[in-house]
Amino acid sequence: MSAISFDKERASSHEKRFSRLAPIRETLHLFTRMIFSELPTESQILCVGAGTGPELFYLAEAFPDWRFTAVDPSPEMLNICREKADKLGIGERCTFHEGYLDSLTDSGEFHAATCFLVSQFVLQPEKRIDLFRQIFQRIKPGGLMVSADLSSDMPGQIYQNLLTVWARTMEFSSAPKEDIEKL
């Protein structure tokens with residue numbers, strides 16, 4: 001799905017490499033907290049493309065009775081997420097699923113889901129639609145989802161403008177030049 005794979009080294013340095021973009025992440029987390037704030041006390045939250053778990057940890061601190069399922073295809077990213085969860089004392093509130101949603105058996109059990117910077121890597125429209133369909137199949141009726149991605153129709157100036165800003169953002173974050181070129 002992604003042109004950039006997360007080996008152990010890349011996974012370990014992921015958060016540090018993007019630390020300069022922390023205000024963007026923190027804003028997403030704050031808005032997610034506000035959107036999810038009326039969920040039941042003992043909610044089940046699905047984190048799609050959880051990576052190293054930043055939104056999971058933010059939400060776990062804000063809502064101490066919630067349980068989380070972190071889904072990510074990268075074993076290295078998910079291992080870091082698991083280790084951090086254990087260090088923070090919330091590992092018992094988490095389920096870790098290595099793979100994609102199609103291999104996650106939980107269906108209709110979640111009160112809400114997050115999907116941050118994931119679908120932008122799914123370039124085929126039918127596969128992107130399927131990703132969101134699979135998320136919504138796992139959310140209870142009336143449940144919520146917060147998704148944040150960079151997407152636009154590729155032909156046209158809007159896409160070029162978005163891509164230019166994103167490349168500038170990646171450069172600001174000190175992303176390797178080869179990653180920026182893969183954009």
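## Aromatic pairs and helix packing

The whole structure, a predicted model, holds three aromatic pairs (rings of Phe, Tyr and Trp, the last by its six-membered ring, with centres within 6.5 Å; planes under 30 degrees apart are stacked, over 60 edge-to-face, the rest tilted). Phe36 and Trp66 form a tilted one, 6.4 Å centre to centre with 55 degrees between the planes. This pair links distant parts of the chain, 30 residues apart: Phe36 lies in helix H2, Trp66 in the loop between H3 and strand E2 (67-72).

H2 (residues 22-36) also packs on H3 (residues 54-62) at about 45 degrees, with axes 10 Å apart. H2 passes H3 in a right-handed crossing (near helix turned clockwise from the far one by less than a right angle). Contact means heavy atoms within 4.5 Å.

| Helix | Contact residues |
|---|---|
| H2 | Arg25, His29, Leu30, Thr32, Arg33, Phe36 |
| H3 | Pro54, Glu55, Tyr58, Leu59, Ala62 |

By class, the contact has six nonpolar, two polar and three charged residues.

## Confidence

Mean pLDDT (confidence per residue, 0 to 100) is 86, and 89% of residues score at least 70. Where pLDDT is low, predicted coordinates should not be read in detail.

Local features need pLDDT of at least 70, side-chain atom pairs 80 or more, while totals for chains, interfaces and linings use all residues. Numbering starts from 1 along each chain as its sequence is written, and side-chain values use heavy atoms, without hydrogens or water.

Conventions:
pLDDT is the predictor's confidence in each residue, from 0 to 100. Axes are lines fitted to C-alpha atoms, for helices over the stretch in contact, and angles run from 0 to 180 degrees between N-to-C directions. Helices (H or I, at least four residues) and strands (E, at least two) are DSSP runs, numbered from the N terminus. Ala, Val, Leu, Ile, Met, Phe, Trp, Tyr, Cys and Pro count as nonpolar, Asp, Glu, Lys and Arg as charged, and the others, Gly among them, as polar.
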